[in-house]
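Subject: Two-chain model for your files

Hello,

Please find the model below. My notes on what was found in it follow.

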Amino acid sequence: MSEPTSNQESPAPTGRARLLAALRRPWSRGQVTAAVLLAVVGFGSIVQVRANTEDDRYVGMRQGDLIQLLNSLSSASQRAENEIAKLQQTRNTLRSDTDSRRAAVERARQQATTLGILAGTLPATGPGVRITVQDPSGKVGTDTLLNGIEELRDAGAEAIEVNDSVRVVAQTYIKDGLRGVIIDGHQLSPPYTIDAIGAPHTLAQAMAFTGGFIDEVENIANGRVLVSQSQNIEIASVRPPAQAEYAHPVTNQ
Amino acid sequence: MIAGLGLLIGIVLGLLLQPQVPLWMEPYLPIAVVAALDAVFGALRAFLDGIFDDKVFVVSFVSNVLIAALIVYLGDKLGVGGQLATGVIVVLGIRIFSNVAAIRRHIFHA
């Protein structure tokens, strides 16, 4: 506590004179003590001021307010957690979506490749046979060639090409031309070469059986047929993808 | 003069060190600072009255701070910490005002 204040010595110097004297004579014991204590006060107040400016939002709030604040904070964090969970779920859904979409794209691409080979829009290579038909008398016509191609198809040929220039696909037509045949608008003349990709032995067998293609060509048309099996038949010709003009896929399936 | 220098040193130290107030000390520091201010003004008044005694100053300073902190602590325990702190501040404020008035009379004779 502060000192009592009533004491007054009558002839004593005034307070102002005392202050001036103290300023002139600084190294008294009392002054040093006061300096130390004042340093403590200055230090403490500065610390408090700094602590106060740091955060004074919740100082002086009553307990009820603080509890309410805490409750609202925890409910806010609850909401945030819910949101996080929801977003994570969305992310997982999207991720699996992407995965399945990627798988679907992969599947579609494989299917497109397979169908492209079957439809003749993609060049193909693989094991198969190369059939050379010599027809000096020009008697090998539409029927014979068609039979041969059908036999090849029956034996599982996946891609067929005639004379290295015409791809045989589902829409292919064959008709008799002036000299030779017309396949898909291309005038072809003998000798014909038919490349077919499939199991080479099976394809060769399909040509060779009695009454089959070879028989037909050699006995009826007096031609000659050479079947060579190969592990590397290349079919380079393609045809543009056919756009269905009238047929539409049935959608509700 | 040395006293003023001490105050300055304390302020500079506080600014430079930027100490973190410990959590247990947080409610008591403001009250302690005000109590210490009261002791300082009381001491200045006593000095002007010619009855300054450094021993008394030290004792009053320390006891002021301790009692203020103790009252707030007790108030916290009793559940009236805020109100009691306000009461302490009011009382110390009144004392500071009266001390400053006496000091003013000494210095300005008014």
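**Helices of chain B**

H2(B) and H3(B) cross in the right-handed sense; a crossing is right-handed if the near helix is turned clockwise from the far one by less than a right angle, and left-handed if anticlockwise. This is a predicted model, in which local features need pLDDT of at least 70 and side-chain atom pairs count only at pLDDT 80 or more, while totals for chains, interfaces and linings use all residues. Residues are numbered from 1 along each chain as its sequence is written, and chains are lettered from A and ligands numbered from 1 in the order in which they are written.

Helices (H or I, at least four residues) and strands (E, at least two) are DSSP runs, numbered from the N terminus. Chain B has 4 helices and 0 strands. The axes of H2(B) and H3(B) come within 8 Å and cross at roughly 150°; axes are lines fitted to C-alpha atoms, for helices over the stretch in contact, and angles run from 0 to 180 degrees between N-to-C directions. H2(B) is therefore roughly antiparallel to H3(B), the term for angles over 145 degrees.

Residues of H2(B) that meet H3(B) include Ala35(B), Ala39(B) and Gly42(B), and among those on the H3(B) side are Phe57(B), Phe61(B) and Val65(B). Contact here requires C-beta atoms, placed from the backbone, within 7 Å. By class, this contact between H2(B) and H3(B) has 12 nonpolar, 3 polar and 1 charged residues. Ala, Val, Leu, Ile, Met, Phe, Trp, Tyr, Cys and Pro count as nonpolar, Asp, Glu, Lys and Arg as charged, and the others, Gly among them, as polar.

Among contacts in chain B between residues at least 6 apart in sequence, 68% join residues at least 24 apart.

**Where the chains meet**

In the interface, 46 residues of chain B are in contact with 36 residues of chain A. The elements of chain B that give two or more residues to this side are H1 (2–17), H2 (29–49), H3 (54–78) and H4 (81–108). H2(B) supplies the largest share, 16 residues. On the chain B side there are 31 nonpolar, 11 polar and 4 charged residues.

**Sheets of chain A**

One open sheet of chain A has 5 strands in the order E3-E2-E7-E1-E8, with antiparallel pairing; two strands pair if DSSP finds at least two bridges between them. The twist averages 25° from one strand to the next. Helix H4 (142–154) of chain A packs on this sheet, touching E2, E3 and E7, and its direction makes about 15° with that of E7(A).

E1(A) and E8(A) pair over 10 bridges, and Val133(A) stands opposite Val225(A) in E8(A). E1(A) is joined to E7(A) by 6 bridges, where Val129(A) has Ala196(A) as its bridge partner. E2(A) and E3(A) pair over 3 bridges, with Val162(A) partnered by Val166(A).

Another open sheet has 3 strands in the order E4-E5-E6 of chain A, again antiparallel. E4(A) and E5(A) share 3 bridges, and Ile174(A) has Ile183(A) in E5(A) as its bridge partner. H4(A) lies across E4 and E5 of chain A, running at about 160° to E4(A).

Regards

Notes:
Two residues are in contact if their C-beta atoms, placed from the backbone, lie within 7 Å. Angles under 35 degrees count as roughly parallel, over 145 as roughly antiparallel, 65 to 115 as roughly perpendicular and the rest as oblique.
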